[in-house]
Structure formats: structure tokens, C-alpha cells
Amino acid sequence: MTSPGGDAERLLWQRSPCAHLVLDATAATILDANDTFTGWSGHRREDVVGTPLSALLPVGDRILWTTSALPKLEVTGRVEEVVVQLVGADRQRLAALLTAHRVEDEKGEAYVAVALFSATERRRYEEDLLAARRRAEASEARRARAEAGLQHLVHHDALTDLANRPGLLAALHTALAGHGARQLRGGVPAAGRATTPAVVFIDLDGFKAVNDSTGHAGGDELLVEVAARLKAAVRAGALVARLAGDEFVVLDEVTGPEEAAGLAQRLLAALAVPIVIRGVEVVVSASAGIAVAGDEDPAALVAAPAAAADALLQHADAAMYRAKASGRSGWEVHDPAARDDTADRLRLLEQLRHAVNDGQLRLHYQPRFDLADGRMAGVEALVRWAHPVRGLLAPGEFINVAEESGLIRELGAWVLEEAVAQAARWQDQGVDLQVSVNLSARQLADPGLRDWVTTALARRGVPASRLVLEITETALMSDPVTAMTTLTAFKALGATVAVDDFGTGYASLAYLRRFPVDELKIDRSFVAGMTEDAGDRAIVASCIHLAGAMGLVSVAEGVETEAQRDALIALGCDLAQGYHYGRPVPADELVLPRARGLLGNVAQLAAS
Amino acid sequence: MTAVTEDQALDAAKSGALVPAVVPAPRPAPRDPAAVLARHAVTEAGSPDGPVLLLSHGFGTGQDAWRRLVPHFPDHRVVLFDHLGSGRSDLSAFDHERHGRLGGYAEDVLDICAALDLRDVTLVGHSVSAMVAVLAAAADPGRFAGLVLLAPSPRYVDDPETGYTGGFSLEDIHELLESLDSNYYAWSAAMAPVVMGNPDAPELAAELERGFVGTHPDAARTFARTLFLTDTRAVLPRVDVPALVLQCRHDALAPLEVGDAVAASLPQGDLVRLEATGHCPHVSAPDETAAAIRAHLARRAAARPTGAA
């Protein structure tokens, strides 16, 4: 094998404007080189013929030629415009584009024809272009890092660096949607465990005492230590979040309630070891509530995981309260089977009936504040059930049962009676406070209600103007005619009438105008979102404006942060209540506005 | 984004320490097996019921490099795939952090095995993929009936301390990365038809009409740096499955003594020197390569204590 073609062709080949090489069929060894190649590279023909092509390439190109170009050439028969440097006779590197084709000569023998184009300029341009590209990538990477950092801030608690509520919800939504999707696909993976998302809700028992004895900085130290212990006690894939104050939630995948209980025990054990805060040894016990995602509709989980997430957290929260009530440092598992059990409801109803008669009901009072001058304007009376086994229950745990059974009338009567009695006690202490009481739809329909309220007020000597009767928008609209009659009667009596949960019940403006209403209470769900969500803010704004336009007092519920308070002030809202001002507490724990200097303490109490 | 970590890795390497390969931890079954198969462009050939031959290509090529070898195993279930960043894989799934570790590629191989529920796999790894195969087998020995290591090297950079000759210096690796840069646009252009092709019906394109798709330049730097700066020697003694080491003459990447050392370090190493020259015997000498693999499989079957024919 020497060169292609006859003499004329060979001459053309030798004098080609392009450097040519002939390689053997495997493209390994140089068999021939044309004059252009020898002139360009400085190598003599006899020095390169018989040597491997790769010997002419610097090491980097040699590796790429071997690993990339050569296999392609062998499989497809050609490579085009491979960027290489050729080491010339003077050891100078010559930039070139290499194109190679496998061809057959007239005898049918295969060889590889190589053409080399000098490409110094092109190589320089491409190097500049690539450098610019790499710079752009680096700057893009910086931007991405900054964005990831921002995302981290949004989803994390600044004090402990744990996930915060939005971070937890985002992770929980993902976990539940993924769980639903797995179930839709047919559930159990071939290998590995079938798992279910579970949350463990943890509330510290001794936190307030630490805060009181060591100050807020000590409390912060404790929270940071608790966060570190929880993180150390969970698996790598689990998420630890801090919801608020001393509430923590662990999200993990478990095989069932037993494994979740094991997790809760581990977490509580980790917290039980004494912590030294500012030289003081503190023993923090905690209560835990467990809820495991159960038999939710998988399609619903995928489509709308948020509802399931809320339910799961509520169940865990409720279970935690049960644990707390039954003794400190314990844990309880939410039992989904027991929840909708008819027998359980009947038992609950029976217990509730006793509770009303045996004095197990309590009223807690949540202060409401005048946003214009920051003074306490009144309180809302909220019923609690001091359940002998399950602890202090919020209305959500039993009001439905009461409503369905008609027991709500007796319960409502007790609430009204007790609220009026408390108003009388405050009156005796010289404190003028408006007391709000919630009325249910059934109470509203009770023809005897008006007389009953009139009697109660008269017996205690409390003027009707001290009483605010709250009725939900939904209840109002369920039987507008009866509601109109009853509310008009209360109005004539001199009581204040408020529409509760306003914004959730689709009340038409026409009705609202005709009702003798004095206050609009804006639902907490809108207030909660108003500083993040433009839509919620717009709803709150229009509720306030609506109230203003109709001459009604606007009340914001569920105010939890300073930012919300400031936004409400800016919107011209009249009154506000929520954790920012104070949680519902028994009457004797309420800081009363009589001594004005103490007013600030109410907010402080709420924050602790 | 590659530049930052790369320089750090090179700096670390200059200080004498290459990155020791880490055997992947046990992996949960992939949640979405179909996604695993899609992102690795997994294809199959041969007999669906035959023993499994999983082919793992090396740096610079994709599964196209196996085209000439595949027809030699019509009685096997031949499973082919592209490493992320190579061939028709989903480039967006290439993770510069995860695929900056050799174990990351082994994790991908294990995921593919799990996604297809492959058992008794004979894993064939070429070049860098030979060490990927070693890591996969060390991580999950129960999955594999054996390994075939084509032109393997557990460490490309010389190690004067132990007298080990890998064949390259750190400066050489620098040069390689520069060469990769020089070929950036050429390699990008070579990928272009893939991007513009019809991804919905790749099977419609006849095997030979499809282009030969190599490694994407955006992944190539990380891939190259990872494989050339990793030291897998310490893992070899932990691979307790039969392993055929196929060695070529005049291999520009793996000198003869490297193949010898690999076979000697493997508890069940079986060294065969091929007549073939170069680094890609499955491409340049598919007949001889296939025959050597078949002979080894026959020896392996004969050596099995109980008749698992």
C-alpha cells in the first residue's frame, strides 16, 4: 500500500492544498503522507511512515482521539473536523481540523484517508468563545446559588435553621402527593419498604419556665439545642421543622404507626436529657402527637395535597394535646378509625352532656384591641371543655356533636350565662369590657333566646351594650328570615351584632345591608395570608372598605404578627384579635385594661 | 459551574491525593423506574429470556460503541444504556456534583438494574466503566453473576509512592481538559442532530442510520476529571464475583502492567490478553472480544458448584 490512484492522481494528491495522511484500516498506523503534510509539519515522510498517528498528537488529544474519535471512525467509517494539535518536527504545536474516512482501494483493501486543515485562527476564536461561555455559566451558577439561598430563607426558621411552616408544608405536600402517586401506580415497590408519610408534633412542656427564668436569649438557646437534638435523632431523609415558638414537627416516611411511635419515643428520649442553659441545668419534657397518612383518596392526594397536609397536622396536634393532657413526656397516636366512629360520637355526646351539667366547661377570653389607640376594647368568650381524660378541648373537638344533637342549646345557654356573669364581675371591678359570645344557627332559631338573654342581663345588672353577639356568615345565610327576626330583637335590646368568619360564606351584599349588623369580623384565613398573598390582602382590604362604607366596625381575626398588624392599621381596620395580642386565657389570667401601664404586657404575654 | 470544583479537584490532586473511589451505599428501589430507563435511553437486544448482559460504555462514546459486539450475543438479553451526559441520555439529569464521583455512575447502573429488576447480571464495562462496574459489584454483589472488564484501569495517574504506573501525569490530565475545551464546539455540533431529531420515535430510526453520539461537552469535563482523578485500586479486592479482564496490545490508555495488576487484585480475576490492538477491542475486534467473553462465561458456568445452567 503506497498512495491512491495512478501517477497523475498521485501528483495531485502530493500537491493538494491540504495535508493528507493514509492510515491502515484500523486508523492506527501511518502508511503515507503527502508533500503538503511534510512541508507543513516539518516531519520527513520516512520519519512518520510506520509510526502510530497518536504519536503525533499531544497527550490530551491522544486520549480524546483514542476514546472518542477512533471508536466513532471504526463504527461509522468517518469522523469530521476533530479539533487536534499536531506536534511538528520542531515540537511546535500546529492547530488543525482532522477529517478521516475509511475507503477501499481498487483491490478492495480498506485504508483510512486523513485530511488535515490548518485551523489556527478558528481555534483562537473558539477558545475566546468558550472562555466567554464559561464566564457566563459561572455567573449563572452564582445567580442560581443566590436564588437557592433566598429559597432557603423563605422555607427556614432563622433561629434554628430548621424548616419553618411554609417549608414543612411544601415538604409535606410533596410527600403526600408522592404517596398518592405511588398508590395510584399500584403501591408496593418490588424491593424496599412500603412507607407512608407521618408527622410527629412535638410541644415542649417546660419552655415557658425557661423563658421566664433565663430571658428570651436563654429561651432561644434552648430552642437551638432542641433543634439540634431532634435533627440528630431522625433519619437522614426526615425533615425537622419548627412551626412557632416551642412547637416542632418531624416529617418522615414510616411503615406504620408502630414505627412512628418508635420515632416519637426516640425524639422524646433525646429531649429528656438535661440541657445546660447559661449555667442552669434545665430539664425539658415534651409531649408528642403522631399522625400517619392513612386511607386518603390517592387521586385527591395528588391533586390537592394541601387539605390532607392540614388534616394530618391537625390530627397530630390533637393527638399531642391528648398526650399533654394525659401526663407530661408522653405521646399519642391519632387513630383514624376511631374518628368517624358513630359509637365514639355517641360516647362523646354523652360525655358532653355530663360536662355541661358537671361544670367541665370553661370560658377563655381572647382580648381584642383597638388598632387606632392600641387599647383593649373587649374580649371574645371562647368555650373550652376540660375533659377528664383528653385534657382541655377546643370547640372544634365537640361543637359539631353539640350542634347535631341539639345539645348546643344547653351549651350555648351556659356560655351566655357564664359570659354575662363574667361581664358582671368585671363591671364590679370597675372594668368596662365588651364581651363577645358566639351564637350557633340553632340558637338563632330558638324563639326563646331573646327573652332568655334579656333575663340573664337583667339578673346580673349588665347593660345590653356590653354584649356582642357573633353569628357566622354561614349561619346567617342558612335561614336569613329567622336570623333577621332574632337579630333585630337583639338590636332593639341594645346589644351589638357581629358577623363572624366574614368572607367565607358568600353573603350577598343585599342581605348584609338589610341585617341589623354592627361589626364585620374578617376571617383569619385571609388575615393569615395578607402579608404574603396579594389576593388575601385585597380581600382583607375590601372587607375593611365594605365595613367602612356600610358604617360597620371592622374586626380582623387571627392577627399573629406585627407585619399583619401594621398592614391592618394601614388599611384602616378598626379592631384586631389574635395571638399577636393574646391567646384565649381564663378570666383570671387576663391582663385587664384597668391599669393602663400593663397594656404592653398583654402583647408580651402573647409572644411568650 | 464546572470550572470551580474542577480547579479544586485538580489542586487537591496536585497535592498528591487523587480521590479514592467510594462504594455506593445501598440504594432504595427507584420510585419511577420508567424515568430511569428514559433518562438513560435504555435499549435491549437479543433474547428477552436469555441471561442478562449489561453493557456499560466508556468515556467519549455512548451505547453506539457496542454496535459491533451486540450481534455476537443473540442468545443473551443484551441491555444497553447511555451514561448520563453521553449518547442519547437526558443531559438535564447530569448532576455535576453526583457525577463528579465515580460512585455516582455506579449508582446509575444499580438504578437501571433495579428499574428492570435484572438478576444474575453479567456487567460488561469498558474503559472507565470497568471501574464503574467494579463499584456497582462491590455495592451490590448479589445482583451480579460476574464482570467483564474491557481495557480497565483503576488509576490513570502514576503513583510514584507505590511504584504504580498508570501511564499519565497530572499535567497530562490538564492537557486532556484543554483538548476537551478545544473540541467543545465540534462535540456540540455532533450532538445537534440528536437534539433536533424526533425524540418520540427513536426506534423508528434504523440502528445504523442513527448517528454515533458520544459524550456531551457540557458533561465531558466533569466526566473526564472524575475518571482520570479517581483511584479505585483499593476497591478491587472487595469485588468477590468472577471477573474477566480483557487487555489489548498497544492500548494508549491502559498499559499491559495495569491490566495485570487489576486481574491480580481481583479475588476472582481472570486475565485474557487479546490480539487486538488499541483501547476499544469491542469496536476494532468484535469477533475476538466476543469469543473471549463467551469462553469466560463457559468457564464460569463450569466452575459453578451447583448446576445453574
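With a relative accessible area of 13%, Asp231(B) counts as buried, and in this predicted model Asp231(B) forms a salt bridge with Arg233(B), their closest N and O atoms lying 2.8 Å apart. As a general point, side chains of opposite charge can pair when their charged atoms come close.

A second pair in chain B joins Arg77(B) to Glu44(B), again through a salt bridge, with 2.8 Å between the closest N and O atoms. This pair links distant parts of the chain, since Arg77(B) belongs to strand S4 (residues 77-80) and Glu44(B) to strand S2 (residues 43-46), with the two residues 33 apart in chain B. Arg77(B) is buried, having a relative accessible area of 18%, whereas Glu44(B), at 39%, counts as partly exposed.

Turning to chain A, we find a salt bridge between Arg229(A) and Glu225(A), whose closest N and O atoms are 2.8 Å apart. These two residues are 4 residues apart in helix H7 (residues 207-233) of chain A, and they are therefore separated by about one helical turn. Arg229(A) is buried at 15% relative accessibility, while Glu225(A), at 29%, is partly exposed.

Salt bridges can also join into networks, and in chain B one such network links Arg27(B), Glu97(B), Arg98(B), Arg101(B), Glu107(B), Asp108(B) and Asp111(B). Over all chains, a search of the whole structure finds 42 salt bridges, among them the pair of Asp231(B) and Arg233(B) with which we began.

How values were computed:
Residues are numbered from 1 along each chain as its sequence is written. Chains are lettered from A and ligands numbered from 1 in the order in which they are written. This is a predicted model: local features need pLDDT of at least 70, side-chain atom pairs count only at pLDDT 80 or more; totals for chains, interfaces and linings use all residues. Side-chain values use heavy atoms; hydrogens and water are left out. A salt bridge is a side-chain nitrogen of Lys or Arg within 4 Å of a carboxyl oxygen of Asp or Glu. Buried means under 20% relative accessible area, exposed over 50%, partly exposed in between (1.4 Å probe, protein chains only).
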